[in-house]
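Here's a quick tour for anyone opening this one for the first time. Have the 3D view ready and follow along.

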Amino acid sequence: MSCSSPCCDSKSNSNQRGKLKMKPEEKNEYLGKMRHSAAHILAQAVQSLFSGVKFGIGPAIENGFYYDFELPRPLTPEDLPVIEAKMREIIHDGQPFTKEELSKEEARHIFAGQPFKLELITELPDKMVTIYRQGTFTDLCRGPHVASTGDIKAFSLTHIAGAYWRGDEKNPMLQRVYGIAFETKDELQSHLALEAEAAKRNHRKLGRELDLFSIHDEIGPGLICWHPKGSIIRQVVEDFWKAEHIKRGYSIVYTPHIAKLDLWKTSGHWDFYREYLYPPMKVEGQQYMLKPMNCLGHILIFKSQTRSYRHLPLRYAELGTVYRYERSGALYGLARVRGFTQDDAHIFCRPDQIEGEVAEVLNLAQFMMHTFGFHDYDVFLSTRPEKYAGSLEMWEESTASLRNVLEQLNMDYKIDPGEGVFYGPKIDIKLKDALGHTWQGPTIQVDFNLPLRFNVCYIGEDGQEHSATMIHRTVLGSMERFLACLIEHYGGAFPVWLSPIQAMVIPIADRHVDYAREVENELSQGGIRVQVDDRSERMNLKIREAQVEKVPYMLIVGDKEVASHGISVRLLNGKDAGLESIQSVKDRIKIAIEAKSQVALEAVNNS
RNA sequence: GCCAGCGUAGCUCAGGGGUAGAGCAGCGGUUUCGUAAACCGCCGGUCGUAGGUUCGAAUCCUAUCGCUGGCUCCA
């Protein structure tokens with residue numbers, strides 16, 4: 001179908017559509033229909049402005065719509081206002097949308113010269129197809145649509161992009177025009193405001209502003225330099241991660257960054273994963289490769305001794321840095337890079353332990369997400385991909401065990417068909433950040449393949465060798481991507497425990513610097529990351545800069561504080577939390593840090 | 001990798017065939033101040049890189065590297 005809106009055609013006059021009376025589902029249905037109609041209007045506008053347009057598809061999408069075209073010349077951003085003006089004319093005219101049902105033969109006649117539409121017609125299952133017309137434009141379309149072009153109340157064309165026909169890079173690239181559309185201008189405005197907020201929180205922008213990390217042409221794209229402040233956040237996350245894993249029965253290990261090519265041939269990476277591998281390097285006549293995954297080192301550690309069923313499960317955890325070749329167009333800040341550190345672990349267990357271990361990992365994953373302030377997430381079960389290793393039975397068995405655990409734990413999940421890794425199926429958890437954007441979070445993969453390829457076994461109660469099962473899992477994903485997610489989730493205003501500088505002591509005049517140092521020492525003794533702004537600047541300037549740096553506690557010291565041996569606390573929200581003793585401020589900050597409280601206020605105000 | 005756009009000072013940006021500019025940052029000075037930017041001065045760029053067109057290129061053309069928005073892909 002050229003259009004793919006699931007809702008049904010409504011002939012009702014849009015003017016009678018009381019917004020207040022609409023239920024959320026009805027509203028979504030209406031929005032989908034309206035956005036889809038806007039796509040048709042876009043196509044009509046483009047048709048009237050260009051000759052020889054070949055039409056692709058034009059569906060409604062989240063917040064708006066797009067339409068794909070093949071045009072005689074490339075579109076540039078300057079074309080958008082022109083197309084948009086044409087669309088407004090069509091909307092102003094209030095042209096009715098009309099539907100017709102006809103045979104494929106008739107449709108082929110109408111769409112002669114439209115190769116993409118003809119392709120769609122051929123593939124449609126039914127004998128009859130439907131078309132929609134408004135004004136001079138006719139489209140192959142299942143519908144439904146609004147009654148009239150005049151029903152589009154608030155829209156805007158946003159950007160152009162290339163898009164392969166049917167999303168396949170073997171197909172020709174079409175030009176896609178994106179737009180947003182809402183029921184009212186207010187909703188359109190608030191969507192734009194939300195986007196502006198998202199742009200402010202973008203981790204690439206905040207990464208520079210807060211001096212967290214950088215990427216350099218001289219080093220190469222997708223390769224990250226972590227600055228001191230970003231490194232503090234990373235270290236705090238890593239320390240917390242390690243401690244929690246040790247608590248839960250994992251052993252921390254370290255493995256090399258390169259390994260002989262043969263190892264990667266045995267594992268199947270050379271066959272199934274080559275597009276992501278950096279080319280091998282030759283050392284003393286041997287081929288070596290940068291590791292794209294950490295599993296093989298862990299397998300060899302496991303195999304360094306004969307393991308008994310009594311030893312299992314064995315859980316090896318590593319903050320393992322891996323390198324994968326990503327196509328240049330795919331790179332994005334910290335979220336998609338070429339070298340990254342996974343919070344990886346491999347659990348070697350007996351088949352009867354799989355479900356219990358997966359459940360434990362899910363529990364750990366939930367604990368981690370809650371600690372970092374994520375409460376909204378979606379769970380996906382990814383099944384066998386096209387390129388896979390191993391037998392179908394193994395795939396079925398391991399997929400079933402993942403499914404069992406999800407069901408036993410009563411977790412809502414969706415199936416993501418064909419999205420598993422080449423060696424096994426996986427559970428993916430996608431986090432929603434404070435602005436509702438989703439991020440790839442924890443992932444758990446059951447693997448019967450690598451144990452077979454490497455003969456990973458244990459001696460059972462029966463004295464015989466049995467193949468072990470491996471569970472690959474990360475709970476944060478990678479340090480890079482997770483930090484990107486944290487930066488955007490918190491908008492750079494990290495909770496105290498993660499904040500690179502937890503407290504800034506601000507002496508009002510130079511004569512207060514000595515006392516400020518005393519405060520610094522005292523807090524520093526308490527393990528608080530504290531600094532003194534001892535510049536000969538005005539207090540207002542120091543406050544402003546601490547504020548821009550998003551330091552959770554600004555500790556103001558002047559004559560009053562020196563006299564009373566106290567500190568005046570200013571919080572990031574601008575609130576003056578009053579004068580307190582050094583000891584009491586120190587204790588409160590420590591409590592907030594230890595509690596990993598999400599907001600600095602909690603500990604200061606509620607105690 | 002593909003399509004489109006963009007690369008000017010550390011950052012944010014102006015300039016668009018006649019030889020480079022602002023604010024912030026940095027540096028030097030003055031100011032010593034009570035909850036988001038004191039004042040004065042100075043330094044700073046072979047305009048991403050390499051070719052080409054031109055009397056003359058930051059400006060036009062080509063190639064290349066990188067970035068941005070998408071497509072594809074993904075920890």
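## Meeting the RNA

Let's start at the RNA: an N or O atom in the side chain of arginine 208 sits 3.1 Å from a phosphate oxygen of RNA strand B. Keep in mind that this is a predicted model. Tyrosine 178 also has a side-chain N or O atom 3.1 Å away from RNA strand B, but here the partner is a sugar or linking oxygen. Lysine 560 uses its backbone instead: a polar backbone atom there is 2.8 Å from a base oxygen of RNA strand B.

Step back, and you'll find 58 residues around RNA strand B, with Tyr164, Tyr276, Ser328, Arg336 and Gln440 the closest. Of the RNA atoms that come within 4 Å of the protein, 53% belong to sugar and phosphate. Sorted by class, the surface near RNA strand B holds 22 charged, 21 nonpolar and 15 polar residues. Several elements give two or more residues to that surface, including β7 (154-164), β8 (173-182), α16 (539-548) and α17 (559-564).

As for the pairing, β28 (residues 566-571) runs antiparallel to β29 over five bridges, and valine 569 has glycine 578 in β29 as its bridge partner.

## Around β14

Now look for β14 (residues 286-290), which is joined by three bridges to the antiparallel strand β12 (residues 258-260). Lysine 260 is the residue opposite tyrosine 288 in β14.

Strand β13 (residues 281-283) pairs with β14 too, again antiparallel and over three bridges. Lysine 282 has glutamine 287 as its bridge partner in β14. The hairpin of β13 and β14 has two residues between the strands, and glutamate 284 takes a positive phi near 45 degrees there.

## A lysine tucked away

Is lysine 426 buried or exposed? Its relative accessibility is 16%, and buried means under 20%, so lysine 426 counts as buried. Lysine 426 lies in strand β20 (residues 426-432), where five of the seven residues are buried, so the strand is largely enclosed by the rest of the structure. The side chain of lysine 426 makes a polar contact with that of aspartate 428, at 3.3 Å. Leaving out residues up to four places away in sequence, lysine 426 touches a set of residues that includes Phe380, Leu402, Glu419 and Ile444.

In the hairpin of β20 and β21, five residues separate the strands, and glycine 436 takes a positive phi near 85 degrees.

Key
Residues are numbered from 1 along each chain as its sequence is written. Chains are lettered from A and ligands numbered from 1 in the order in which they are written. This is a predicted model: local features need pLDDT of at least 70, side-chain atom pairs count only at pLDDT 80 or more; totals for chains, interfaces and linings use all residues. Side-chain values use heavy atoms; hydrogens and water are left out. Two strands pair if DSSP finds at least two bridges between them. Helices (H or I, at least four residues) and strands (E, at least two) are DSSP runs, numbered from the N terminus. A residue is near a molecule or strand if one of its heavy atoms lies within 4 Å of it. A polar contact is a pair of N or O atoms within 3.5 Å; within protein, one must be able to donate a hydrogen and the other to accept it, and residues adjacent in sequence count only if both atoms are side-chain atoms. Ala, Val, Leu, Ile, Met, Phe, Trp, Tyr, Cys and Pro count as nonpolar, Asp, Glu, Lys and Arg as charged, and the others, Gly among them, as polar. Buried means under 20% relative accessible area, exposed over 50%, partly exposed in between (1.4 Å probe, protein chains only). Contact means heavy atoms within 4.5 Å.
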